[in-house]
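Good morning, colleagues. Please turn to the sequence and the model that I am about to show.

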Amino acid sequence: MPLALPNPAAAASFAAYSSAPASTSPVAVAVSGRVLDDKGQPLPGVTVLEKGTTNGTQTDTDGNYSLSVADNATLIFSFVGYTTQEAAVSGRTSVNITLAQDTKLLNDVVVVGYLRLPAEQVTGSVTQVSQEQIRRAPVASVTEALQGRVAGVQVVNSGAPGQNPVVNIRGIGSIQAGSSPLYIVDGVWTNDIRDISPSDIESSTILKDAASLAPYGSRGANGVIIVSTRRGKLGKPAFNFNSYYGVQNITRTYELAGTEQWADITRQMYINAGKQGEIYSGAANPPAINTNWQDSLIQRGRVQSYNVGLSGASESANYNVSVGYFDQQGTIIGPKFERYNVRVNTGANRGRFRIEQSAQLSRAMTTRVNGIPFIDVLRMLPIIPVHDRTTVSGYGFGNPNQVTFGTNPVGLQDVYNNTNLENRLIGSLAPEIKLFDFLTYRLNLGMEYVGFLDRTESKNGQAAGLRMNEPTRPSQLFESRGERVFLLAENTLNFQRTFGKHNVNAVAGYTEQKNTIRNTVADAQGFGVGPTYYWAFGAATGAASVGGETRKWAKRSYLGQLAYDFDDRYLVTAAVRRDGSSLVDPVNKWGTFSAFSLGWRISKEAFFESIPLLSDLKLRASYGQLGNDNLQEYLYQRILNPNVNYPLGGGGTQPVQNGSIQNQLSSNNLRWEKRNTLNVGFDAGFLDNRLTLGADYYISRTTDALVNPAIPLYEGNVGGTPFTNLGELENRGFEFQAGFQNTTGDFTYGVNANLTTLRNRVTKLAFEGQNYTSGPGGVTRTEVGHSVGAFYLRHMVGIFQTQEEIDAYGKQPDAKPGDVKYEDLNNDGIISDLDRRFIDTAFPKIQYGLNLNVGYKGFDLSALFQGVSGNDIFNVTRFWTDRMDDNGNFRADIRPWTPTNPSTTTPRPLLASPTNTNALMTSDRWLENGAYLRLKNLQVGYSLPKTITEKLAGVGSVRFTITAANLFTVTDYTGYDPEIVGAGGLARGVDDGNYPNVRTITGGLQVGF
């Protein structure tokens, strides 16, 4: 857009100045003005810079600015998504500018593979999450902040300090090789971004379909999350301080029976079994003790975060330096997480040369949760005190007079000090040179170094002082320390040129990666008997052992990626990558992965102009094949044990010979897992793109999936079952996203919603009938025709009410009135494991998110709702409170069956016996609806007006916030929390005492200088 000509007076002034002698020095003038968009609305945050200097400022919320510059200066006005403009001051004191939207940057530039593309030219399924959205949540990691914001991305959090969330993009894509996405931080590939501070994030881009993932080849099958960290922006140096402090608590606990109620049910349990004489004294005559084990374990947690940063940029260089601290004290006794991080990002350009550097150094310390405390608080009896001076540990636990095999959960966190320390350096250096105007060479060098120390200090007595009938063990120290070094080198040539209406953006590259892990382990006993311990291996007086290992893998790759469009209407994207990896069998080490996509921007067609309200419309489709090489090193090699002694020879004596044996069979002919994905979708904009809609339908099929069918030990397989590429599975579903943003005067408001459906199914395993069982008691099974980790349970029909009903049923002859009635699924006349059935509800069939935001002058409010539906949870905590056949505690509101209380859901108390199936774990009695709706994040903010901050020396902005996370949850689930990480990849729907998510209330302060 051409600049307006200066007025005559200004033109005369300029002419007079331009005719003056060259030696005349410029005069400083105060220039002010207002910046509007092409709709006449003010643009806050526009960078206004005096050209050729670092002197600059930004517009305020009303689009106003003021700056002292030379009277012959040129001002540069720049803002993301708008065309940068220059305006000569020419002695003027007022310069107003209208910025037009850049048609090439209508939305932010999106990183897709090795190309940077305007969002409207992206033909794959890609979603970008902004810095503002990420920083609204008081969380430790970026992935936690993504929950509920992106269709197709499932994020499951835990309340345990320092624990990574479980992240899956478009479902579980592998049975044995893992389904976690690849993360790329400023060009560096990594599996873990827990220690990247959310305050340092500029944006996160999630790639979901084959077209956008093919450039990553054998690492793209499970999706990619690209994280870009903040860099300095044009203008004066900016100093920022961000902080929050708050409290955390567990919002839901069980109401458990007190001593009197517990003793009544326990006595009845023995009486119903005909064992009145075996009732132990603690139940027959309970002591005057009434311990609330949940209250003893659970405490109020604390979270705090502080981050300071200095950033700035000129036309030739930029920098961003930040220092952060995060601390979380757990909501139960013991666990905590603490992190320090320092980030330095710099960049420079001169002529045809440009270089970018990114680096973060962090130190993270985690005190882990010991055992399964959220199960043990239910198993411990109210008649047992938390502390007991008569035991070796000083903690109370079961004995013949107060029988329970639960472990004292409070003592467990004290007796065992289980910690992890990680020092991590992740960074990249990327010089590039523009060989020609259309051809750029870039070298990206990346490294991730992790020095780790896992350490467990076990006090004298250990388990013997915490659990009934456990052997006494001396104090013990275990350490595993080592390092992991990942190196990356990427050489790419980028070609970008326009030929008339033909636009070509292409890249070709050669890359190498190398990963090395070294660790040393040591274990020793005898460090004292307390209360003082000497935790150093040199102080050990008992048995000791040492060990260690080194593991390596390397990869070499060739890649190409092309984005082509004709007249910004017809779009084609294609990518291919050929990977060679040491992780697979050498005969199959090379794999080629490719994809293509097509797009049609209907909104660019001439006939589109006649369609009212609709401002943008794009159709897109993609298909391709991706790989997964998330394998353990050396699987294709035979594992030998060289230190085996065996008596050989004839005669009266057989000398012992030393030799070697094969402990593990090799995984022969091991190949890549492959994932073929079809994706079709559209993106639409209405009302000048204030309203946006997007939808995708995808089918993803994994072939050559790793499976390990059982092989007998006599085949020489004592060290683990080998893998073979014989599995197949499928994921399919819909994704929907919608958003609306609008501004009316001082009032802004918006809404963003997303919804995802998912269907998962295993279509092939190694042989007919093969399955994988998982979870406590084998309650899940992965088998052909069903989802991964499907529930495999007997069906509870109800409760037998009379002996006549039992006799008429005729299939449970040992049952009595008040016992559980099970369905005879196969109609063979008996109840057995053959009557178990599949229930494919371990994963949510629907997940959704709704984000609302409003603002008025200095006030702003945002609310994020998140939820899932169509899934069940196997509630192991309910199993322990309701089984009533074992020595543990019970729910306070439990009402067992009696002749006068003919319950149809809760059986009679009955001590465990071979014929008692009331408390059978493999029963859908413990299966519950896992759907929930949660207010995930609510934030209220207030920014001080400029009239106040201008009076504060050096202060540019001040914002106060109050934030609540996990404020409330609507659910029918009776456990601690319906959001569970599960009991492993093949038992995702099992709540085996998962650490519940916590409610967090924080107050925050953000200051810009």
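Phe686 has a relative accessibility of 22%, so this residue counts as partly exposed; the term covers values between buried, under 20% relative accessible area, and exposed, over 50%, with a 1.4 Å probe and protein chains only. Phe686 belongs to strand β32. Strands here are DSSP runs of E with at least two residues, helices are runs of H or I with at least four residues, and both are numbered from the N terminus. Apart from residues up to four places away in sequence, Phe686 touches Leu613, Leu614, Ser615, Leu691 and Leu693, where contact means heavy atoms within 4.5 Å. Gly599, 87 residues from Phe686 in sequence, is 19 Å away in space, C-alpha to C-alpha.

Residues are numbered from 1 along each chain as its sequence is written, and side-chain values use heavy atoms, with hydrogens and water left out.

How confident is the predictor? The pLDDT, which is the predictor's confidence in each residue from 0 to 100, averages 89 for the protein, and 95% of the residues score at least 70. The pLDDT is below 50 over residues 1-23, a stretch with 14 contacts in the model beyond near neighbours in sequence. Residues 103-107 also stay under 50, and the model gives them 12 contacts beyond four places in sequence. Where pLDDT is low, the predicted coordinates should not be read in detail.

Turning to the overall architecture, the protein contains 12 helices and 51 strands. Its radius of gyration is 33 Å, close to the 30 Å that the globule rule gives for 1009 residues, so the protein is as compact as a globular protein of that length. That radius is taken over C-alpha atoms, and the rule is 2.2 Å times the number of residues to the power 0.38. The C-alpha trace spans about 115 × 70 × 65 Å along its principal axes. Of the 1009 residues, 53% are buried. Among contacts with a separation of 6 or more, 69% are accounted for by residues 24 or more positions apart. The accessible surface is about 43000 Å², with 55% of it belonging to carbon and sulfur atoms; the areas come from the Shrake-Rupley method with a 1.4 Å probe, and for residues only the protein chains shown count as cover.

Let us now consider a pair of strands. Leu864 lies in strand β44 (residues 859-869), and Arg934 in strand β47 (residues 932-943). Leu864 has 4% relative accessibility and therefore counts as buried; Arg934, at 4%, counts as buried too. Beyond four places in sequence, the contacts of Leu864 include Arg934, Leu935, Lys936 and Asn937, as well as Gln147, Gly148 and Arg149. Gly148 is 716 residues from Leu864 along the chain, yet their C-alpha atoms are separated by 7.6 Å. Arg934, in turn, is in contact with residues including Leu864, Phe865, Gln866, Asp977 and Glu979.

What surrounds Pro431 in the model? This proline is in contact with Arg354, Ile355, Tyr441, Arg442 and Leu443, leaving aside neighbours within four places in sequence. Pro431 lies in strand β22 (residues 416-436) and, at 28% relative accessibility, counts as partly exposed. Its C-alpha atom is separated by 6.3 Å from that of Glu356, 75 residues apart along the chain.

I conclude with backbone geometry. Most residues other than glycine have a negative phi, and most peptide bonds are trans. Arg170, which is not a glycine, has a positive phi of about 60 degrees. This arginine sits in the loop between β12 (166-169) and β13 (182-185), and counts as buried at 4% relative accessibility. Asn669 likewise has a positive phi, near 55 degrees. Asn669 is in the loop between β31 (656-664) and β32 (673-686), and its relative accessibility of 39% makes it partly exposed.

Note on methods
This is a predicted model: local features need pLDDT of at least 70, side-chain atom pairs count only at pLDDT 80 or more; totals for chains, interfaces and linings use all residues.
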